[in-house]
Structures are given as C-alpha cells and as structure tokens.
Amino acid sequence: MPVTVLLVDDEPLVRAGLRAVLEAQPDIEVVGEAADGAAVIPLVRQLRPDVVAMDVRMPLMDGIEATRAVLRTVDAPPRILVVTTFEEDEYVYEALRAGADGFLLKRARPAEIVHAVRLVAEGESLLFPASVRRLAARYGDNHPPRSGLSQAGLTEREADVLRLMARGLSNAEMAARLIVGTETVKSHVSAVLAKVGARDRTQAVIAAYESGFVTPG
C-alpha cells in the first residue's frame, strides 16, 4: 500500500511542487490538498492520510492549532510533518510542542522531501538535533518550566537513551554506542516515551530540554 499524504499550504505553487515531487514516487500517493488549517480535520476524517504535510503559517488556522486539533479530536491521527520556510521560527517550535512529528524546509531537495515523508510514515520522528537545541534555547523560556524528569522514574540506561535521542542518534547508532542490540534500544525508547508521557521522540526531547534534563548549550 502506498503512503498517503494530505498537503496543507496556502500557497498553490508550494502544494503543486510538493505534489509533483511526491507523486513521482511509486510508493507515495497525494490524496488531497487544503489551503488552510481549518480544512484539515474534515479532510483527515474523510481521506485518512498516513501523513499530513502542514504549512506552519496560514491565515485562518495555522499549523500549530491545526496540529493540536487533529491530535485532540481524530482517532488514530496521521503523522504530521510541518513544512516551513525558516527552521528557527517560533512557529516551528510551537508546532513541535503541539505534537508535530518533525519539520521540513520548503527549500529542501526532492530526495529530502521524499525521505521525510517515508520516515514519519514509518513512525519515526524527523528530528534535527542542532535545530531543536537552538529552538529550545531561543523559545523554551517562553513557557512555564516543566517539572524535572526525576519524577518520571527513568533508569540510568533509559536516561542515557534520552540524552542520545536529544543528540539525534538513530536506534542503530545508540545500539552501537551502548553496545546492545537494536531491539533492546527500541524497548528502552518505548519505555522513555511512556514514562515521559511523550507521543514520540521529538516530544521527549523537547520535554528533556524544557525540564533542564538536557541543556541547549
């Protein structure tokens, strides 16, 4: 089955460009388009896309509110990939905090766009550790401080895994660093997400920064 994608952007040329790139792939199908976040929920319910490629800045409902609305109201919600012009935009940080699975720059090369869609469709997070670190340093103080993760009850190994996640290491890279199998790492990652109360790696990393468990510097 192909990966199905809903494109949400108020610029028709951006939607057309993304459609051309994605539909050139045999395993990806664009099932719909919307020009504003306000149209996302009914389209998601109707089309059931695997991934929503969502512009972060739109006139009626931006990508932040649309992300929150989808995750709050849709059963088995799709993965959400924020599409943005500026990677260090406060809107991007807020969208990630709202539950987006990663972000993609509008100037990204076609191969990067395709990789991003496939990655999030598989349940991974598209996490750029340097960018998230800078975003957390710049905008994290705009929010009430989160309680420390000491109450989460992470084991020492799970804490190590969270720190490595914040550095952007893949499961295979973490397994090599910790000298364990990838299945063991997957189990640790699942435990970290459950204990931190995070939907995915991005949410866990943001929680780690905002609680002071990991420092942006």
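Predicted model: local features only at pLDDT ≥ 70, side-chain atom pairs only at ≥ 80, totals over all residues.
Reader: Let's start with helix 3. Which of its residues are buried?
Author: Helix 3 covers residues 63–73. To make the list, a residue has to have under 20% relative accessible area. In helix 3 that leaves Gly63, Ile64, Ala66, Thr67, Ala69 and Val70.

Reader: And what do those buried residues of helix 3 pack against?
Author: You'll find both helices and strands among the partners. The buried residues of helix 3 pack against helix 2 (40–47), strand 3 (51–55), strand 4 (79–84) and helix 4 (90–98).

Reader: Which residue caps the N-terminal end of helix 3?
Author: Look for a side-chain oxygen that lies 3.0 Å from the backbone nitrogen of isoleucine 64. The residue that brings this oxygen, and so caps the N-terminal end of helix 3, is aspartate 62.

Reader: Back to helix 4. Are helix 3 and helix 4 roughly parallel or roughly perpendicular?
Author: Their axes come within 9 Å and cross at roughly 5°. Angles under 35 degrees count as roughly parallel. Helix 3 and helix 4 are therefore roughly parallel.

Reader: How many charged residues are in the contact of helix 3 with helix 4?
Author: From helix 3 come Ile64, Thr67, Arg68 and Leu71, and they meet Tyr91, Glu94, Ala95 and Ala98 in helix 4. Sorted by class, the contact has five nonpolar residues and one polar residue. The number of charged residues is two.

Reader: Now helix 8 and helix 9. At roughly what angle do their axes cross?
Author: Helix 8 runs over residues 171–178 and helix 9 over residues 182–196. Their axes come within 8 Å. Helix 8 is roughly perpendicular to helix 9, and the crossing angle is roughly 105°.

Reader: Which residues of helix 9 make the contact with helix 8?
Author: On the helix 8 side you have Asn171, Ala172, Met174 and Ala175. By class, the whole contact has five nonpolar, two polar and one charged residues. The helix 9 side brings Thr182, Val185, Lys186 and Val189.

Reader: On to salt bridges. How many does a search of the whole structure find?
Author: Some of them share partners, and one network built that way joins Asp9, Glu11, Asp55 and Lys106. Searching the whole structure, the number of salt bridges found is 15.

Reader: Take glutamate 33. How far apart in sequence are the parts that its salt bridge with arginine 15 ties together?
Author: The closest N and O atoms of this pair are 2.8 Å apart. Glutamate 33 is partly exposed at 32% relative accessible area, whereas arginine 15 counts as buried at 13%. Glutamate 33 lies in strand 2 and arginine 15 in helix 1, so the parts tied together are 18 residues apart in sequence.

Reader: What about glutamate 23 and arginine 19: about how many helical turns separate them?
Author: These two form a salt bridge with their closest N and O atoms 3.1 Å apart. Glutamate 23 is partly exposed at 40% relative accessibility, and arginine 19 is partly exposed at 25%. Because they are four residues apart in helix 1, the separation is about one helical turn.

Reader: Which residue meets arginine 118 in a salt bridge?
Author: Arginine 118 lies in helix 5 and its partner in the loop between helix 1 and strand 2, so the pair ties together parts that are 91 residues apart in sequence. The N to O distance is 2.9 Å, and the partner is aspartate 27.

Reader: Is arginine 201 buried or exposed?
Author: Arginine 201 sits in helix 10. Leaving aside neighbours within four places in sequence, its contacts include Glu124, Met165, Asn171 and Val189. With a relative accessible area of 12%, which is under the 20% cut-off, arginine 201 is buried.

Reader: Last one: which backbone oxygen lies 2.9 Å from a polar side-chain atom of serine 211?
Author: Serine 211 is in the segment after helix 10, and at 16% relative accessibility it counts as buried. The backbone oxygen of alanine 208 lies 3.2 Å from a polar atom of the serine 211 side chain. The one at 2.9 Å belongs to alanine 207.

Key: Residues numbered from 1 in each chain as written. Heavy atoms only, no water. Helix = DSSP H or I, 4+ residues; strand = E, 2+ residues; numbered from the N terminus. Buried < 20%, exposed > 50% of the residue type's maximum accessible area, 1.4 Å probe, protein only. Contact = heavy atoms within 4.5 Å. Axes fitted to C-alpha atoms, helices over the stretch in contact; angles between N-to-C directions. Parallel < 35°, antiparallel > 145°, perpendicular 65-115°, else oblique. Nonpolar A, V, L, I, M, F, W, Y, C, P; charged D, E, K, R; others polar. Polar contact = N/O pair within 3.5 Å; in protein donor to acceptor, adjacent residues only side chain to side chain. Salt bridge = Lys/Arg side-chain N within 4 Å of Asp/Glu carboxyl O.
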